[in-house]
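Subject: Structure for your review

Dear colleague,

Please find the structure below, together with its sequence.

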Amino acid sequence: MNIGKIDPNFLMGSKFASDEYIWRNAQDTPFEIRGLAVCSGEDFFRVPMDIAKATSEGVLQLSTHTAGGRVRFKTDSKKIAVRVHSRHAFTMSHMPLTGISGVDIFANGIFIGSVRPEIPNGDWYEGFVSNPQGEAEIEINLPLYNGVTAILVGLDVGAFCVSPRTCRLLRLLHHPGRLRIQTRKQLSGFCVPLAGFRPCESRLFRKRKG
């Protein structure tokens, strides 16, 4: 067990002072996680593991990558900090770390910055972006690859944090036996999500009989 994932005060090597931000787990209220079928404990999966295993090796491998996943909330914090624990730490010669492991952050639908790991790419990283929008709906787009086992959000002391507005649910896009990551500009914010469904609803996936 990595106690730093449970209590950020035990995380060594942080670039931030211990009292600089109030840290919250993105799995807790009032945060909302969308675009993933499973988000429990250290599991952030696009497809439930039993269904991925029963489908194909390719789907199993890609199911742990978090392309299309996003964390939503509303705040007036002047800075948005994130601390991401990566499931994998591989690199690719044709893609920068902003796409492989980084997160893109939007305020009221406007891109305000990215947070990415440094080289060498370890199993966790952190950073912040300024929020010029003031009171805003924030969306943190999760990494295209590598996946995550935990994500913490840091907000200014005294800033409020409430649930985001309700989004319209989109129809699940599904092709039997295939799971792709489609993106432009190699940034997580440009990813075409697998689906627009509400988070952690594995009931949307059905095993095909026969």
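Two strands are taken to pair if DSSP finds at least two bridges between them. The model shown here is predicted, and the bridges in it can be followed down to single residues. In this sense, strand 1 and strand 11 (residues 148-156) pair over five bridges, running antiparallel. One of the residues involved is arginine 24, whose bridge partner in strand 11 is valine 153.

These two strands belong to an open sheet of four strands, arranged in the order 1-11-6-9 with antiparallel pairing. Strand 1 (21-25) and strand 9 (124-130) each have a single partner strand and stand at the edges, so one side of each has no neighbour in the sheet. On average, neighbouring strands of this sheet are turned by 20 degrees against each other, with direction ignored.

For the protein chain as a whole, the secondary structure amounts to four helices and twelve strands. The chain has 210 residues, of which 49% count as buried. Considering contacts between residues at least 6 apart in sequence, 76% join residues at least 24 apart.

I turn next to the aromatic residues. A pair of aromatic rings is described by the distance of the centres and the angle of the planes. With ring centres required to lie within 6.5 Å, the count comes to three aromatic pairs. In one of them, the rings of tyrosine 21 and tryptophan 23 have centres 6.0 Å apart and planes at 75 degrees; because an angle over 60 counts as edge-to-face, this pair is edge-to-face. Tyrosine 21 is buried, its relative accessible area being 3%. Tryptophan 23 also counts as buried, at 18% relative accessibility, since the cut-off for buried is under 20%.

Another edge-to-face pair is formed by phenylalanine 106 and phenylalanine 111, with ring centres 5.6 Å apart and planes at 65 degrees. Phenylalanine 106 counts as buried at 16% relative accessibility, whereas phenylalanine 111, at 42%, counts as partly exposed.

Which charged residue sits over the ring of tryptophan 23? It is arginine 83, whose charged end lies 4.0 Å from the centre of that ring. Tryptophan 23 thus takes part in an edge-to-face pair with tyrosine 21 and also has the charged end of arginine 83 over its ring.

Yours sincerely

Note on methods: Residues are numbered from 1 along each chain as its sequence is written. This is a predicted model: local features need pLDDT of at least 70, side-chain atom pairs count only at pLDDT 80 or more; totals for chains, interfaces and linings use all residues. Side-chain values use heavy atoms; hydrogens and water are left out. Buried means under 20% relative accessible area, exposed over 50%, partly exposed in between (1.4 Å probe, protein chains only). Contact means heavy atoms within 4.5 Å. Axes are lines fitted to C-alpha atoms, for helices over the stretch in contact, and angles run from 0 to 180 degrees between N-to-C directions. Rings of Phe, Tyr and Trp (its six-membered ring) pair if their centres lie within 6.5 Å; planes under 30 degrees apart count as stacked, over 60 as edge-to-face and the rest as tilted. A charge sits over a ring if NZ of Lys or CZ of Arg is within 6 Å of the ring centre and within 35 degrees of the ring normal.
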